[in-house]
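Biologist: Can you put the model up on the screen? I would like to go through it piece by piece.
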Amino acid sequence: MTSIPSQESRTAGATSSIPVLPRLMNFLILIAIDVCVIWFLSRLVSLGYYPLAAAILIILVFVNVVLLLRPARPIRWMVIGLALMGLFVIYPIFFTVWVSFTNYGEGHLITKEQATDQILRAKYLPEAGKAYSWTAFKSPQGDYALWLVDADGNGYLAMVGEPLTQPQPGEAGVGELDEKGIPTTIEGYQKLNAIRAATDQNLTEILFGEEGKTIQVRSPSEAAELLPLYIYDPDRDAMISQETGITYQNIRGTFTAQNGTQLRPGFIESVRFTNFRDFFISPALRGPLVRIILWNFAFAFFSLVFNFALGLAIAIMFNDKFFPFKKVIRSLLIIPYTIPALITILIWRGMLNPELGVFDRMLESLFGWAPPWFTDQWWSKIAILIVNLWLSYPYFMLVCSGALQSISEDYYAAAQVDGASLWQQFWNITLPLLLVAVGPLLVASFTFNFNNFNLIYLFNQGLPPMAGTPTPAGHTDILISYVYNLAFSGNRGVNYGFASAITIVIFLFVGVITLFQFRFTNMWE
Amino acid sequence: MSSLTSIQGLRSSARAQRRFGIAMRLIIAAILIVFSIFPILWVISASFNPTGSLATQTLIPRNAGMGNYRELLNSGEIPFWTWFGNSIKIASITSVLALAITTAGAYAFSRFRFRGRQTMLKGILLINAFPALLALVATFLMISQFGDILPGIGLNSHVSLILVYLGTAMGINIWLMKGFLDTIPREIDEAARVEGASDWQIFTKLILPLLRPILIVIGILNYITAYGEFVLARVLLKTSEQFTLMVGLQIFTQAQFQQRWGVFAAGALIGALPIMIIYLALQDQIVGGLTQGAVKG
């Protein structure tokens, strides 16, 4: 640590004299990137993706500061990595935290603005509303105009976004009227005959006339002045039906009437701690969740114990310089570890297939019975532990044989002088010293298995299913596969909010373990 | 005399005991080897089994043939080479870029002293301790929002998948690399600096060549991780021609696992082979990296 002052002075004093031209080039590239990102940002904002826009803005400012300010020079070496980490690791964590406090999910996928917009677009025909007969005109540009005749025979011209006018022939381009009081021509428009007008898909969608008093085609014979069905009352945060007078109160992101009828669509809204409360105390969820959590811990714990025990046993057995074929044996034993996990898990799924798989056919012919690996909850748990043992013991074998070689022979020599048995040597020398060396890796392996989604999902998708659960859950599901089902199994009702809340709980748990690992191992130099 | 023979007898009995011990251990080794390679042999056999279904398979197939391979590679119904090519492409690009990011970052952490250095190092490690899988929902929504603006970096694009993978490049491997860099004496840098070399020149001309062994290890582990990654690829990629091999195989097995076990076996073997070869060829280096805490997904 004595070298620190000299380095600091070096870093501070290292004013590299980059020539002007390359520096200008760098500067121009930075500006070009900034311009692109800002364009991207503006598009994000216009689509209403504010959280993502904010994240990108922060990262952009950070990158610019680092690249432009001299004291931040060392950070320049890692600015790309940090930017990517910010966007793809840190932002998703924050976003997950935010979602966990909302009802984001099935029926609540859009913002409140978008939802109220859609609801306010609904129209109704008031009893006192005026009805007209209509004739459609279309301009070559595709604009429409309507000629309306009311019950008294008065003619009106209706265009989009303008108030109704009552032009006489000759005014505003309106030509001579025929015997029904309809102009034969309107300048710039062409009259549509009744059949074309009735089959024109666009026509019924268009709101003619000025905002708030719009006129819409309702049938081939009638156009009517329609009023918005709902009015939004910001004070009560409610929609009020103009037709019936019923108030739809905003309850957890859905406008709901007293009798329970709801206005669709719902929207994303904060539900505070509801998701977390559901996780911890909802009686309907408690049954499956407690079982999932227990199995999650049991799975991670037993995986660790079995895999480590077998790996260690093998490492000790062959920890002998003069053992024949040592290299070949090791190569053959690490084969399971060299194959992508997905492939091996799928292979095991085939081999353990009841009736058809090799194991069951073999056991069947030997004993007349074979375990139901996929349909019985206990046997599927055992199967998962066996597959995981096969997948991971080579790792522990490698790690342990490395660590064993670093234990000094002197300890064993001293123990032998004292007359310690091999068993005593193992418990009192080998194991404690080994645990010091591989302890961090054991903790990491525990957290890895705690979230070992691949194995659970690929082997049996968490099945067999638990009976009578409010959301789909299986006996071999661990928390993370349960989260995956909640968020991505579209046909069973996605619930991003609740999924994110569980994610946060796992986050906290894994974080505590990791901090513990940092604390009690010498990872900090 | 008698004492001498007794010592000899003792010695030979010790030797016999040792021989017995080795024989026992060889037997155990044989059992373990059967346990560890049986599934592989089984899959090899399945891939040559002409009937191709799970039910009819025996360890040594009758009428062994290449039918499954032909069906996999030539039938046109399974875009195997496309998937395989996608996997190789994504894994290669990810591995190289991640290595560059990791190395440059580790170099800064090892060679410069700046405020917040320790905090940043710890922070990076802590943040990456959260498995990327947990933020799956958020990542998915973010990428789909990207796609609303630029489809090229949205869902179903390889670019977005690679970017997401690169997000974890500033991860635990930075520690491994930094540890390795710390063992390279600073005097080398100082000497070059006196000669007037810039930081960048020192890094590329002096340090990188010295880093070669660790670069190979981390590069390969990156490659293997990206090649075998399944969940993010499964969620972000939508159409068959964009799938990676892992996603393709998984979706294939969902539909026709039992009837077309042989075709799956052939695909699994071809898919696993490159990684297996790399691993076995470089096992000493990789094992060295693993024991120092490098990670493989």
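Biologist: Which residue is the bridge partner of Ala131 of chain A in β7 of chain A?
Modeller: In this predicted model, A:Ala131 has A:Ala224 as its bridge partner in β7(A).

Biologist: And how do the two strands, β2 and β7 of chain A, pair?
Modeller: Strand β2 (residues 131-138) and strand β7 (residues 222-225) of chain A are antiparallel and share two bridges.

Biologist: What about β6 of chain A, how many bridges join it to β7(A)?
Modeller: Four bridges join β6 (residues 215-219) of chain A to β7(A), and these strands also run antiparallel. In β7(A), A:Ala223 stands opposite A:Val217.

Biologist: Let's go to the open sheet. What is its strand order?
Modeller: The open sheet has five strands in the order β9-β10-β11-β12-β13 of chain A, with antiparallel pairing. Its edge strands are β9 (230-233) and β13 (262-263) of chain A, and each of them pairs on one side only.

Biologist: Which helix packs on that sheet?
Modeller: Helix α6 (residues 112-120) of chain A does, touching β9, β10 (238-241), β12 and β13 of chain A. The direction of α6 makes about 145° with that of β9(A).

Biologist: How many bridges join β11 to β12 in chain A?
Modeller: Three bridges join β11 (residues 247-251) of chain A to β12 (residues 254-256) of chain A, again antiparallel. One pair is A:Ile251 with A:Thr254, the partner in β12(A).

Biologist: Now the inside. How many residues are in the largest nonpolar core?
Modeller: It has 168 residues. Those with the most contacts inside it are A:Ile345, A:Val387, A:Cys400, A:Val483 and B:Ala268. Helix α14 (residues 377-405) of chain A gives the most to this core, with 13 residues.

Biologist: B:Ala268 is in the other chain. What does B:Ala268 touch?
Modeller: Leaving out residues up to four places away in sequence, B:Ala268 touches A:Ile343, A:Leu346 and A:Ile347 in chain A, along with B:Val43 and B:Leu249 in chain B.

Biologist: What is in the second core?
Modeller: The second, separate core has 20 residues, including A:Val174, A:Tyr189, A:Leu203 and A:Ala224.

Biologist: Which domains does chain A have?
Modeller: The assignment gives domain 1 (19-100), domain 2 (123-228) and domain 3 (281-520). The C-alpha centres of domain 1 and domain 3 of chain A are separated by 39 Å. Their contact takes four residues from domain 1 of chain A and six residues from domain 3 of chain A.

Biologist: Is helix α15 of chain A covered or hardly covered?
Modeller: Hardly covered: of the nine residues of α15 (residues 409-417) of chain A, the count of buried ones is zero. After α15(A) comes A:Gly419, with a positive phi near 80°.

Biologist: Over to chain B. How many helices and strands are there?
Modeller: Chain B has 14 helices and zero strands. Buried residues are 41% of its 297 residues. Of the contacts in chain B between residues at least 6 apart in sequence, 72% join residues at least 24 apart.

Biologist: Where does B:Ile60 lie?
Modeller: B:Ile60 is in the loop between α1 (2-48) and α2 (67-74) of chain B.

Biologist: Why does B:Ile60 count as exposed?
Modeller: B:Ile60 counts as exposed because there are 9 C-beta neighbours inside 10 Å, and the cut-off for exposed is 12 or fewer.

Biologist: How far apart are B:Ile60 and B:Gln17?
Modeller: They are 43 residues apart in sequence and 39 Å apart in space, C-alpha to C-alpha.

Terms used: Residues are numbered from 1 along each chain as its sequence is written. Chains are lettered from A and ligands numbered from 1 in the order in which they are written. This is a predicted model: local features need pLDDT of at least 70, side-chain atom pairs count only at pLDDT 80 or more; totals for chains, interfaces and linings use all residues. Two strands pair if DSSP finds at least two bridges between them. Two residues are in contact if their C-beta atoms, placed from the backbone, lie within 7 Å. Axes are lines fitted to C-alpha atoms, for helices over the stretch in contact, and angles run from 0 to 180 degrees between N-to-C directions. A nonpolar core is a set of buried Ala, Val, Leu, Ile, Met, Phe, Trp, Tyr and Cys residues joined through C-beta atoms within 7 Å. Domain bounds come from an automatic or database domain assignment.
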